[in-house]
Amino acid sequence: MNLMIHATWREKLSEEFQKPYFEKLTKFVKQEYGKNICYPKEKDIFAAFDHSPFDETKVVIIGQDPYHGQGQANGLCFSVSDGIAHPPSLVNIFKEIETDLGVTYPKSGNLERWAEQGVLLLNATLTVRAHEAGSHQNMGWEQFTDAVIRKLSDEKNHLIFLLWGGFAKKKARLIDHSKHHILTSGHPSPLSANRGYWFGNEHFRQTNDILRRTVNYSINW
């Protein structure tokens with residue numbers, strides 16, 4: 001596994017990289033990429049960190065697993081590469097932005113444009129075997145990404161964590177509620193959204209309101 005990761009994150013996570021579980025995880029990922037088709041591309045495993053350096057991160061969105069279809073995953077949760085059809089959850093995210101902020105539905109589902117504004121698009125598990133959802137869960141990635149969330153919570157202030165769905169909401173226990181903002185709702189997947197747990201959450205509007213109030217900043221969603 002290529003451990004090329006943005007210098008700000010390499011410094012913050014240096015202890016994590018030395019732990020026995022991460023050594024085992026690295027061996028597992030190398031074996032998986034050597035034997036099977038896995039996503040995202042190896043160079044994009046840490047893309048979320050490369051596009052949103054530690055010092056510039058202002059918003060954190062937590063996903064569960066990378067997309068496991070061909071050409072979909074690009075290392076950013078909920079994001080797909082340019083020219084790839086938008087998965088249902090991403091369609092619902094864009095629909096909510098459309099109604100919440102009046103932003104025109106975009107052609108590209110590539111969310112690098114968000115990441116480069118300080119939105120960390122963090123999957124709990126950073127790799128997956130092709131067409132096998134959850135195939136790299138419980139191998140160490142969750143321990144690593146939980147450490148990322150704790151590091152952000154401990155060392156930064158006024159972050160906004162967007163926790164969508166039951167899995168993401170469980171991460172609230174890692175966050176200092178006294179100095180960060182946590183917005184929760186149902187997951188944007190059709191199953192949740194069509195039951196009324198996603199649409200109308202106004203998270204994108206609320207996020208920008210908080211950012212303007214706390215750091216005089218806003219995200220161009």
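Reader: At what angle do the axes of helix H5 and helix H10 cross, and within what distance do they come?
Author: The axes of H5 (residues 88-101) and H10 (residues 203-215) cross at roughly 60° and come within 8 Å. Axes here are lines fitted to C-alpha atoms, for helices over the stretch in contact, with angles from 0 to 180 degrees between N-to-C directions. Helices (H or I, at least four residues) and strands (E, at least two) are DSSP runs, numbered from the N terminus. This is a predicted model, in which local features need pLDDT of at least 70, side-chain atom pairs count only at pLDDT 80 or more, and totals for chains, interfaces and linings use all residues. Residues are numbered from 1 along each chain as its sequence is written, and side-chain values use heavy atoms, with hydrogens and water left out.

Reader: How are H5 and H10 oriented to each other?
Author: They are oblique to each other. Angles under 35 degrees count as roughly parallel, over 145 as roughly antiparallel, 65 to 115 as roughly perpendicular and the rest as oblique.

Reader: Which residues of H5 and H10 meet?
Author: From H5, Ile93, Glu96, Ile97, Asp100 and Leu101 meet His203, Phe204 and Arg205 of H10. Contact means heavy atoms within 4.5 Å. By class, the residues of this contact are four nonpolar, one polar and three charged. Ala, Val, Leu, Ile, Met, Phe, Trp, Tyr, Cys and Pro count as nonpolar, Asp, Glu, Lys and Arg as charged, and the others, Gly among them, as polar.

Reader: Turning to H3 and H7, at what angle do they pack?
Author: H3 (residues 20-35) and H7 (residues 141-155) pack at an angle of about 125°, with their axes 9 Å apart. H3 and H7 are therefore oblique to each other. Tyr21, Phe22, Leu25 and Val29 in H3 meet Trp141, Gln143 and Phe144 in H7. That contact has six nonpolar, one polar and no charged residues.

Reader: Which residues have the most contacts inside the largest nonpolar core?
Author: They are Phe49, Ile61, Trp114 and Phe144, in a core of 65 residues. H3 supplies the largest share of this core, six residues. A nonpolar core is a set of buried Ala, Val, Leu, Ile, Met, Phe, Trp, Tyr and Cys residues joined through side-chain atoms within 4.5 Å. Buried means under 20% relative accessible area, exposed over 50%, and partly exposed in between (1.4 Å probe, protein chains only). In soluble globular proteins, nonpolar side chains tend to be buried together.

Reader: What is Ile61 in contact with, leaving aside its neighbours within four places in sequence?
Author: Among its contacts are Cys77, Phe78, Trp114, Leu162, Trp164 and Trp221.

Reader: Is Phe78 buried or exposed?
Author: Phe78 is buried, with a relative accessible area of 10%. It lies in the loop between strand S2 (59-63) and H5. Phi of Phe78 is near 70°, a positive value in a residue other than glycine.

Reader: And Asn138, buried or exposed?
Author: Asn138 is exposed, with a relative accessible area of 68%. Asn138 also has a positive phi, about 60°, although it is not a glycine. Its place is the loop between strand S4 (128-129) and H7.

Reader: Where is Lys179 found?
Author: Lys179 is in the loop between helix H8 (165-169) and strand S6 (181-185). Lys179 is partly exposed, with a relative accessible area of 21%. Its C-alpha atom is separated by 5.8 Å from that of Asn157, 22 residues apart along the chain.

Reader: Which peptide bond is cis?
Author: The bond from Tyr39 to Pro40 is cis, with omega near -5°. Pro40 is found in the loop between strand S1 (38-39) and helix H4 (47-51).
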